[in-house]
Amino acid sequence: MKNFAKLTAIAALVGAAFSAQAQSLPADLNWITNDSEPLFASSEAQRGGTLRTFMISFPQTLRSVGPDANSGLRHYFMDGAPKLAQRHPNTGKWIPQLAKSWAFSEDNKTVYFQLDENAKWSDGEKITADDYVFMLQYYRSKDIVDPWYNDFFSNSITNVTKINDYTISVETDVEQSQDALMVLINMPSNGFQPRPEHFFKGGKDENGDGMVDNFVRQYNFKSEPTAGPYYLDKVKKGKSVTFKHVGDDWWGYSNRYYQNRYNVDKIRISVIRDFDIALKHFEKGKLDYFDMILPEYWHGKSDSQASKDGYIQKFWGFNQMPQGAGGLWMNTAKPLLDDINLRKGIMLATDYDGMIANIMRGDYSRKPHGLGFGHGEYDKADNKAPEFNPSKAAEFFAQAGFNKIGPDGIRVNDKGERLSFAITYGYNTWTPRIAFLKEQAKLAGLEFTLNLVDGSSAFKYILEKKHELAFLNMGSGEIPAYWEYLHSDNANKPQTNAHTNYSSPELDKLIEEYDAEFDQQKRYALSHQIQDYVTEANIIVPGYMVPYSRAIHWRWIKYPESPMTKKTESIFHPMDIANFWIDKSAKKETEQAMKKGTTFPAVSVVDDKFKL
């Protein structure tokens, strides 16, 4: 394995080679700079203040790649950080971020980007083409111990070329439409963002056993400089992290789409391991907002006296976000779960619809397919989640050999094995949901046991393929990704998203054809075939989706007159659309009113303009 010092040296040599070659641009490029879309922040926004929020568990790493990096604070370090361009959250058109303009080659595989010369790392260093050249070397190194990025930046992104200090070209493996190319390069979760070459210079393999120990261990709790508005300022291990704003001179404010966003000066995230305790902290004024996605909180705990007195306000806003794969993942590498009849039985014995109606108060919606929803024509229009049918489930269990009923009502086979599987999940607040599934499954003679693994440790447990069944929903871009979940390259390997460990040469071929297809209609058709294949394989029980953001907040948290966009996932998350702010005068007014016992009108806002 290469050590990191060698990796950086290679990147430097590559950058120097490109500069020496004085790469030139094609003469007929049509540069696109979309600087006229509607704004979605408010000119009334105020800068300043500390946003106080919480997380259930302390992250196992501050890295954004490598082991255990796909959870915790990743949204601050990667998903929410600037890319070259992004979709406008309402119109869907591409708008500039780190690139001020872009152009497409006639080969349908190459995109050129002119970088924003204003862009700087949070430590003050300029962001240049060299950081993108280094990015490619970084992601291709086996030393980061991240197979997904190794593959994506070797087989999907085939080259990043420096034209000059502020111009690059990006080459992809297959021909795609211009829009598909932009999606591939700028998808929030794919990591295509510069890496600060200067930060990693001088890295050494102190243990002499290759890059793995040097990178994973040495950088486990080191925070890289960021292109975003907030950098990690303080870490109290196990207790809290604090992000600090780069300042009024953050380069992003030269971009009109960033103005009046990211308004708070600091973000303090404390570890509070229980939602009920966190709610008490909020009600005492120690936290500024509290997400109430959970129906049991919204319907039972949002109407405190402070809410009735107008100190605390309620907000419910609907979005149109794509929904990722998920529900109940069956690990086919575990005993018995390789039997398709048994999986068919589990599919019919898992009562998600009843759980949504009875536990979720009908607030959530059922995903029509285990591979997600909201991807336009990529999704089959007639996808439909299976209905709960314990009698039919019992027939499949009998075909799988579980044709006897034990004294406790749970089915057994001729070997005396009970029909019992553990559901792994990560949050105690989910326990009533799993408990409902457990009770309903008994009607088919199936036992679900509850395996609660705390917070980020649950995802690690699942990534290591220790689970039998995993209660888990994944995020999604606007184009569904299949390779990471379903291709044989990822099955039975730790630190991959192949949560079912399912593999099939026929499915592999469909996925490879899908990834390589240029014709959009043919790609849609391949997507439908993949979804049909997964339906027939019975490996993911389709779960639920949450098409809204919902929270209670102290009245000093303000937002625009039209607060939601189609793509606002979390209204008060500081790395989402982030068009809210702290009104210091309103905070002072509220604190004084509470001391005097004076009240304000109760406020409950519903923004349903994007409700489907």
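# Chat on a predicted model

Colleague: Where does H369 lie?
Modeller: H369 lies in the loop between strand 14 (365-366) and helix 13 (390-399). Helices (H or I, at least four residues) and strands (E, at least two) are DSSP runs, numbered from the N terminus.

Colleague: What sort of model is this, and how are residues numbered?
Modeller: This is a predicted model, where local features need pLDDT of at least 70, side-chain atom pairs count only at pLDDT 80 or more, and totals for chains, interfaces and linings use all residues. Residues are numbered from 1 along each chain as its sequence is written, and side-chain values use heavy atoms, with hydrogens and water left out.

Colleague: Back to H369. Buried or exposed?
Modeller: H369 is buried, at a relative accessible area of 4%. Buried means under 20% relative accessible area, exposed over 50%, partly exposed in between (1.4 Å probe, protein chains only).

Colleague: What does the side chain of H369 reach?
Modeller: The backbone oxygen of Q531, at 2.8 Å. The side chains of H369 and T535 are also joined by a polar contact of 2.8 Å. A polar contact is a pair of N or O atoms within 3.5 Å; within protein, one must be able to donate a hydrogen and the other to accept it, and residues adjacent in sequence count only if both atoms are side-chain atoms.

Colleague: Which residues is H369 in contact with, leaving aside neighbours within four places in sequence?
Modeller: N383, Q531, V534, T535 and P542. Contact means heavy atoms within 4.5 Å.

Colleague: New topic. How many helices and strands in the protein chain?
Modeller: The chain has 19 helices and 25 strands. Its radius of gyration is 25 Å, close to the 25 Å that the globule rule gives for 612 residues, so the chain is as compact as a globular protein of that length. The radius is taken over C-alpha atoms, and the rule is 2.2 Å times the number of residues to the power 0.38.

Colleague: What does the C-alpha trace span along its principal axes?
Modeller: About 75 × 70 × 50 Å. Of the 612 residues, 57% count as buried. Among contacts with a separation of 6 or more, 74% come from residues 24 or more positions apart.

Colleague: Which residues are buried in helix 11?
Modeller: N341, L342, R343, G345, I346, M347, L348 and A349. That is eight of the ten residues of helix 11 (residues 340-349), so the helix is largely enclosed by the rest of the structure.

Colleague: What caps the N-terminal end of helix 11?
Modeller: D339 does, with a side-chain oxygen 2.8 Å from the backbone nitrogen of N341.

Colleague: And helix 5: how many of its residues are buried?
Modeller: Seven of its nine, so to speak of residues 178-186, which are mostly covered. The buried residues include L181, M182 and V183.

Colleague: Now the prolines. Where is the place of P563?
Modeller: In the loop between strand 23 (557-558) and strand 24 (581-582). P563 counts as buried, at 4% relative accessibility.

Colleague: What does P563 touch beyond four places in sequence?
Modeller: F315, T568, I571, N579, D607 and K609. P563 and F580 are 17 residues apart in sequence and 8.2 Å apart in space, C-alpha to C-alpha.

Colleague: And where is P89?
Modeller: P89 sits in the loop between strand 2 (85-87) and strand 3 (94-96). P89 is buried too, with a relative accessible area of 4%. Not counting residues up to four places away in sequence, P89 touches F40, T565, K566, K567 and I577.
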